[in-house]
Structure formats: structure tokens, C-alpha cells
Amino acid sequence: MTDPIPVRAEAALECRTCGAGAPVDEHFCPNCSRLLALGRHGDYFSFLGLPRKLTIAAAELEQKFRELSRKFHPDYYYNASPAERLASLERSSYLNDAYRTLRNPVSRIEHLLAIEGLPSAKSEEGTAKVPPDLLEEVFALNEELDEIREQRESGADAGALSVRLDGARKPIERKRDQHERQLQDLAARWDSQEQASAQDKRATLEALRERLLERNYINNLLATIDREAASLSAANLS
Amino acid sequence: MSHVVGIDLGTTNSLVAYVKNGVPEVIRDQSGDALVPSVVSIGDEGTIFVGREAQRRLLISPSRSVYSAKRFMGRGIDDVRDEAALLPFGIGGEAGGVVRIAVAGREFTPPEISAFVLKELKHRAEEFFREQGEFDFEVDRAVITVPAYFNDAQRTATRDAGRLAGLEVLRIINEPTAASLAYGLDKRNRGTIAVYDLGGGTFDISILTVEDGVFQVLSTNGDTHLGGDDIDQLLMRLVLDEISGPATLVQAVRKAVIQAKVDLSEVEATDIRIDPAPALPNGYTRRVTRAEFEALIAPLVERTLGPVRQALDDAGLQPGDIDEAVLVGGSTRIPLVRQKVADLFGRKPHTELNPDEVVALGAAVQADILISGRREMLLLDVTPLSLGIETMGGVTSKIIVRNSTIPASGREMFTTGVDNQTAVDVHVLQGERELATDCRSLARFKLRGIPPMPAGLPRLEVRFQIDANGILSVEARELRTGIEQIIEVKPSYGLTEGEVERMLIESFEHAEADVEARLLIEARNEAETVILATEKSLRSPELDEISHQQLKAGELERIRTALAELKQVMAATDREVIHEKTHALNHATQHLAEVMMNRTVREALTGKNVTDV
């Protein structure tokens, strides 16, 4: 998935049909009621008419999605003016992106960080240093992986090595579960901070970003283990 | 106002449907047949035959006939070399370009062949509306269905075929989704549905949720080269190994095994039967049981289950989460297929609607939604394959991931690799694989006019937009200077705008020959009707008595001669001669027909009371 369209929401939209101005979160022109061009919208929450919160009831999101799909979909603008047809294509595409992003709790947090002006957690993926919180596990895992690889290449019993690899996976999985819980706690904290100071809110966002970076790192570790597991099962078959 | 229709452009058969008072109906010919075989045959004078007539000609002049053209839509010669070996027509074309089909000394692209089929459907619908007494019977707009797993090039090729047939393609929609629309009309209004669509050439699986009239596809998967054709080929190989007949027999074998396959959906055992022919003097008969047939095709049926599991996985569902399973496509009549689907989902699949017709019905519903603005139903489909561009080191960078709801957009930023670079190559890809070489190449273009800057400074943005047809357009611009590039994306396996224009002009030039072909078919049909009626009269048990009492001397002989003469010219391509001989036979039988009619009327009247008359 790619980054959302950058946050540079204009103060107002101009209706391509009648030329009147409209607030950025309006979908239809208040003057002539035609579908408005998207402009530079950047906030999926406000686009869907949702508060900027990380807890979203799935049913509510689905219902909003269907409701707006029925308003924007190109099916209903087949005989409309070119301006409205283009607006329909833009708004439908944007709605689909918004729905997809907000449906997944992790991409939802990433989007929140982006619209709150924090650098993307994804851009540092792979290049990040080992998060301090993970140093111990990463060290142990790398050592174990090296040994398993070495033994596999010298033809040791792949079945036994698989068991060993499963053992090495356990602590990483525990870490991941722990992180999931931390993310949830932080999300709940963000949702309760509506009246909090800008400084406190910022601290929560920074913490969320840290957890996401660690999460990406953990997922990369698990992917490495999966690759080794695949090599082992291939060795087992041959 | 002119009409809109829904068209199921199939590998083996095609259909057209429309919505009347909110209810979709398939359009049939006079004999009640809805299916138009997707076969095109070129006559000696270059006349184009389509459908049943072309299917008939497939047996007598296989080298002048094309079938299964859908398999070649939007594909390159390298993709199709293997399967081309089994076909009676030549497959050619430049490496990296569009496939060309060589038949009867002419060359066609797959969209042109499909356009002939579409024209036939358009004509059928127009005839139908004319007969309904409609003042404006023209059909100029259509929704056309494609397999859900069709890639961008295949969809674009289908849209081009529509244009070549003189149809404005309102929308390209996916076959399984169309089927769900047809089912959704009177079915439950919420739930999770799996549509299993095994047609002549393709397999699709789509998982949908339906809620408040919104049909939302969660995931789709499939195999664009798995279908009834493959089953036919397994059976053909079985037979061809036993008779080791010459290539001329292939079409006769194909016809025989298809019949056996169809029979085996109804009975436990049947014969594959081929009539004696010069190349096979004693003919051929082979017993095949359903058990034998099922053992033969089991691996093919098993192959459909992989995509089904992947689609479930992508939707985040288990087989048990599916509330309803729907079967689509002629190949789902096979009991083994039904069994496998029932086993997987743990429930009996829906088969209430004719699996051959349900896709066209759904396409008609969608066409109606588009022009009427009716909002009770809405179809939200997905893109079946991820789209991206090639980045450094030949790696695919995905811009829109598979199963994204369409329309969808996405963008990717990149930059230059060397100082003062003023142009970059953009390679557009479709597929799930990591390496660009393993993905489908959709297009290549050059973004030019980048102002000279140190490497890494330009901010180049590539934007993808997939429309509601699932067709991609690409834009690129340099953001730092605001210089926007208008780029022409030349499709790797598609026709350029210029080629489509040229083909359209050519099709106008051939229009006269096409009209001629149609008139010839009509003349033949008329002749056939007269022949059948005459032969029926001649078989009448009372003929001797009638002849003796009521016919003139030599009258019966004159009828027999006229009949023989008409039969003799039936195969000719001269329409006038067929007309003339039909007329002659009609004339010769006129008296006999009157006599027989009178006898029938008299017989009918004699066992009845006067009051009944």
C-alpha cells in the first residue's frame, strides 16, 4: 500500500459545476448539490465522517462505507457531466482507499501518524537499528539461526532442526503478542486524550510510532524464520 | 431510445440478455436457442459466419474456422505457443506483441474475432427488438462480462472488441459478480456468498458479502486457462491415442467427446461415437463410464480448489463462513464438480438458475443500473491482481494491491539515479511476484523533460488509476518543478488507438460481405425449413392413397426432383440459387400441401358436433 495523498487540505473546495465554494469535508456542493471534485483531501477519518480515533466499530465503518459508495459510485454518474463523472471516480477511489486503510488497525495507526505530521514508520523499515527493547531476543535468535543454517548445509536431520527452529520462534512470537497489547493500550490512551494537552498527545503518537517500528522489526524477524523453515522443509523432501 | 444489453462473451458460447420491466431475460433465436457458439468461420468468398453455422463449418472446413478466441485475448505469442499446437488454425505474431490468428489466408487479432461474435449478438438482439415491434430497435451499448481473473490487457482487449463491433461498452464486469447480481434479485438480502464459475476456458472464484443491496466483492482468484476445454482435451487424447487418426479427424473427435461429456452428467455410462469417415472407414465407438470419466478429470477439478482456498484466505474467511455457494458456467453441470464444491463448503450449492445464462442475466441487470440510475443495487468489485512498477534491481513495487475495491488509485514516488538525468523509463507491471520478469508487463513508457538536477533531487510521481471496469490508466509528473508529462502508454499486449481506428474502418469495408453472409444463412435456414416440411409430407403413411386419388400424374416425381435439386445447392454460397430452388420446391409442393391440409381439417371436424365448430 502507498502513502495517502499528502496533507495539504485546502480551506475550501470550488464546485466545478457552479463555481461556488464549499467546506473541504463536504461531498456535494451546498449551492447546486452536484458532486464536488476531491481537491487535496488528506484525512480519511473526516472524509468518512468519523472522529479521529483509533477504536472504530467494524459495523459502523462498513455502514459508512456502503452509504458513501451509494453516493459516489461511477455507476450512478454514467449520464452525468464530465466534471461530475471525474468527481465520482476520484471520490470513489478515495473512499475505497480510506475504507481499506481504516479497516486494518495497523494501517489505521499509520494514517493517524501521517495526518498528525509524524514521519512514516514504514520509510525506516529494514534500515532501522535494532530497537533497544529487542536487543536480547535478536541476539539469541541470530545465533540460533546461524547454527541451524550451518547444520542444514552440512546435511543434518531437517526434522530435528525444524523442532529447534520452532523453539527459536516462540520468544519472538511472545514479543509480538506483547507489542499488540501495547499498541492497543496506546490506541485506547489516544482515544481518551481528546481534552489533553498537545504535548501529551504528541507523546502518545511518538510512543505509537516507536511500537510500530518495533512491530515492523519483529515481523521481519518472523519472515526470516519462515524462510529458514521453508529451506528446511525443502531439505526434508529432497 | 436505443437499447442496452448485457453480453456474456464466453470461450465456448456467448449470450445476450436485456431487462424488461425490471426482470432480466436472455434473448433467444426463433428456435428458442439462447447460446451463440463463439465460433467464427470464413467462407470461400471471405464471408464471415458466426455461431451455429460456423460451428457446422468447423467440421467441414476446420482450417477456415476459429474457436476459443477468448483464450488469446490480450496475450502475446510467447504465452500461447503450447496451446496453439492443438488448434486447427495458425497462431502467429511478433514476439512481445499481440497474437495474430491466421485463418483462410487472412490474419485477425483476437479482439477482431470476438468482435464478429459480438456483432452477431448485437444483430440477434436487434432482430428481437424489431420483432417486438419496437420503433427504435438499435442496440448500441452493452455491458460485457469477463472472467474476474482477467488481467488489464485482457480487459482492454475485450473493450476493444466491443468497439470494433459497434458497441459502446458501458462497463466491463466480472462474470462471477454478474452471476451474483442475477441471483441477488430474489434471494436473501444479506450474507456471504462464494461464486464458483467453471466455464469453457476459465475458472473464477469470488467471495462476496451482500448487505442492503450492496454486493461487495471481498476477494477473487482463479485460473484463466482452466475449463471445459481442458476436460475435452483429456477425452480427446484418450480417443486419439486409440484411433491414431489423421488431423482431419480432430474436430469430429472433439464433437464426439463433448457429447459424451454432456451425457455423463445425466447417465452413468455412455458411448463416444464417431461416424465412419474416409479417414476412419469403420467409425469408432468407445464405452466410457462416469467413474472412468471422473478419475480422468479429478486432477483438473482439484486444481480449482487452490484458488478457492486462496480467495477464502484473502477474505479472511473459513469455508464454514460461507452462507451460500453459487455455481456458474456449463462445466458446473458435471456431478463431480458439484460434489467437490458441496464437500468444501459443507452445503449444497445453488443451481436454480441456468448456469449458462446467469452471467448474461447479471450483465443485463448491471446495464440497466447504469442507464436507469436505479440505486437499489450496487456492485463493488475488486482488482484481481496487484499493479505496480519496476524499481531498481528489477523488483516489483506494488502501487495497488490485489483485491482492492475498484475504482482505486495509488501513487509511488521515485527519483533519478544519475546527475542531470532528463528521462526515466517506467515499466508498468501486474502480478503478485517479487521480480518484474515474473509479472505481466502491461506497458512501458518514458517520462521525459525532467529538468537537469543532481541525482536523487527530482521528485517523480507515478499515479495509477483503476476505473470501475478494472482498467488502468497511468500518469507521471515531476513535482519539484511542477512539470507535468502527458504520456502515451503503449500497451504491451494490446491494440493501439490507431490500430483500433484502422480496424473499425476495415470492418465498414467488410460490412457488405458480412451482410451477404447473413442473407446466405437466412436463405439456407428458409430452405431447410421447406426441405424438412417436404420430407415430412413424403413420409406420410397416407401418401400413396393421396397420390393415387388426388394428385396429378408425375406430380410426386416433380416434388422429389425439386427436393433433390434444392438439397444439392444447399452447400453452395450462391444465395440466389438457393432462393430459386427453395421457391421451386415450394411451388411444386403447394398442391400437395393444400390436399394434406384439407384432409387434416376434415379429420378434425368429423369427430365433433356442429356446435363445436
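In what order do the elements of chain A run from the N terminus on? They run β-β-α-α-α-α-α-α-α, which comes to seven helices and two strands. Helices here are DSSP runs of H or I with at least four residues, strands are runs of E with at least two, and both are numbered from the N terminus.

Some housekeeping. This is a predicted model, in which local features need pLDDT of at least 70, side-chain atom pairs count only at pLDDT 80 or more, and totals for chains, interfaces and linings use all residues. Residues are numbered from 1 along each chain as its sequence is written, chains are lettered from A and ligands numbered from 1 in the order in which they are written, and side-chain values use heavy atoms, with hydrogens and water left out.

I will stay with chain A for a moment. Of its 238 residues, 40% count as buried; buried means under 20% relative accessible area, exposed means over 50%, and partly exposed is in between, with a 1.4 Å probe and protein chains only. The accessible surface of chain A is about 12300 Å², and carbon and sulfur atoms hold 49% of that. Those areas come from the Shrake-Rupley method with a 1.4 Å probe, and for residues only the protein chains shown count as cover. As for contacts, meaning heavy atoms within 4.5 Å, take those in chain A with a separation of 6 or more: residues 24 or more positions apart account for 66% of them.

Next, salt bridges. The rule asks for a side-chain nitrogen of Lys or Arg within 4 Å of a carboxyl oxygen of Asp or Glu. Over all chains the structure holds 50 of them.

Two are in chain A. A:R34 pairs with A:E84, with the closest N and O atoms 3.5 Å apart. A:R34 sits in the loop between β2 and α1 of chain A and A:E84 in helix α3 of chain A, so the pair ties together parts 50 residues apart in sequence. A:R34 is partly exposed at 40% relative accessible area, while A:E84 is buried at 7%. In the other, the side chains of A:R215 and A:E180 meet at 3.1 Å, N to O. Helix α7 of chain A carries A:R215 and helix α6 of chain A carries A:E180, so this pair ties together parts 35 residues apart in sequence. Here A:R215 is buried, at 17%, and A:E180 is partly exposed, at 26%.

In chain B, B:E357 and B:R28 form a salt bridge at 3.2 Å, N to O. The pair links distant parts of the chain, 329 residues apart: B:E357 is in the loop between α9 and α10 of chain B, and B:R28 in the loop between β3 and β4 of chain B. B:E357 counts as buried at 14% relative accessibility, and B:R28 as partly exposed at 38%. Elsewhere, B:R411, B:E461, B:R463, B:E475 and B:R477 are joined into one network by salt bridges that share partners.

Now the interface. How much area do chain B and chain A bury between them? About 2600 Å², 47% of it on carbon and sulfur atoms; buried area is the accessible area (1.4 Å probe) that two parts lose on being put together, summed over both. The contact takes 39 residues from chain B and 26 from chain A. Two salt bridges are found across the interface. One joins B:R171 and A:D75 at 2.4 Å, N to O.

On the side of chain B that touches chain A, β22(B) gives the largest share, five residues. By class, that side has 17 nonpolar, nine polar and 13 charged residues. Ala, Val, Leu, Ile, Met, Phe, Trp, Tyr, Cys and Pro count as nonpolar, Asp, Glu, Lys and Arg as charged, and the others, Gly among them, as polar.

One residue to look at is B:Q366, in helix α10 of chain B. B:Q366 is buried, with a relative accessible area of 0%. Leaving out residues up to four places away in sequence, B:Q366 touches A:D75, B:V143, B:R171, B:I173, B:L181 and B:L379.

B:L181 is also among the buried residues of α5(B). Nine of the ten residues of that helix, residues 175-184, are buried, so α5 of chain B is largely enclosed by the rest of the structure.
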